[in-house]
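Please keep the sequence and the model in view while reading.

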Amino acid sequence: MKRAFMSELAIARSLIPSIAGVGLFIFVVLTLANASDGDSGMSAGACAVSAMSPIIVMNSLAGFDNQNGWERYRATLPFSRKDIICARYLSVIVFSAVMACAATLLSVVAIPFFNSAGIPSTGQTVFEIAIASAASMLISLMMVFLAQPLFFRFGHMEALRLSVGLFAMLGCLAMATLSSSNPISNWLMSIAGANPDPAVLGCLCAGIAVLALVLCALSCIVSTKVYRARDL
């Protein structure tokens, strides 16, 4: 498992500059565009980077496998297929967490530059930005966990087409769930409120984390089964 994970890190290191550059651009644009909206505006850039990171990392690693023939070559190495699957999931989670932490740190550092917009540099503001960034990353990771078995079953190009349709369907489902006419949305808004309690936000984020962990385990099991059955 350790050797398989180190091989994933070696691949990911070559992708870091391009992913970080895209993330920094999105962070700057969204933060500048939404800074006047208060706390939610300051967290917009961090949330966007945190949400996009898992999907970009997953697609970048799968694209590397397809472009360089790494998937077939890796099958000849002394790694079990279970270790290969677990290493891929772990690498996506680790690099997503690193990107989310970096985006949160950038938002915190940027707060003093926007004090003229009335954004207080307080511990609660920092906490809310961190929670929003973590929740965005976890929700995006759940989408990745749903799509990841497709990449191990069909390969990069076919799975990319299927995952676009899957993400579109999930997006529509999310919008329907969060609609103001939906009782679930009203219930969530009543819990969060206009000025949510940090303890409530922490519990909500912890609940999302538990759900993501369960989905990760199920997705990893499915991916292992389909990858073992695949003829490479």
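How many salt bridges does a search of the whole structure find? The search finds one, a salt bridge being a side-chain nitrogen of Lys or Arg within 4 Å of a carboxyl oxygen of Asp or Glu. The model is predicted, so local features need pLDDT of at least 70 and side-chain atom pairs count only at pLDDT 80 or more, while totals for chains, interfaces and linings use all residues. Residues are numbered from 1 along each chain as its sequence is written, and side-chain values use heavy atoms, with hydrogens and water left out.

The chain contains eight helices and zero strands; helices (H or I, at least four residues) and strands (E, at least two) are DSSP runs, numbered from the N terminus. Of its 232 residues, 41% count as buried, that is, under 20% relative accessible area, with exposed meaning over 50% and partly exposed in between (1.4 Å probe, protein chains only). Among contacts with a separation of 6 or more, 79% join residues 24 or more positions apart, where contact means heavy atoms within 4.5 Å.

The salt bridge links R161 with E158, their closest N and O atoms lying 2.7 Å apart. Because R161 and E158 are three residues apart in helix 6 (residues 156-177), about one helical turn separates them. R161 counts as exposed at 54% relative accessibility, whereas E158, at 32%, counts as partly exposed.

Two helix pairs are set out below. Axes are lines fitted to C-alpha atoms, for helices over the stretch in contact, and angles run from 0 to 180 degrees between N-to-C directions.

| Helix pair | Axes come within | Crossing angle |
|---|---|---|
| Helix 1 (residues 2-34) and helix 4 (residues 81-110) | 10 Å | roughly 30° |
| Helix 4 and helix 8 (residues 198-229) | 9 Å | roughly 140° |

Helix 1 is therefore roughly parallel to helix 4, and helix 4 is oblique to helix 8; angles under 35 degrees count as roughly parallel, over 145 as roughly antiparallel, 65 to 115 as roughly perpendicular and the rest as oblique.

Residues joining helix 1 to helix 4 include F5, L9 and F27 of helix 1 and I84, V94 and M99 of helix 4. This contact comprises 16 nonpolar, two polar and three charged residues. Ala, Val, Leu, Ile, Met, Phe, Trp, Tyr, Cys and Pro count as nonpolar, Asp, Glu, Lys and Arg as charged, and the others, Gly among them, as polar.

Between helix 4 and helix 8, the contact includes R81, C86 and Y89 of helix 4 and C216, S219 and Y227 of helix 8.
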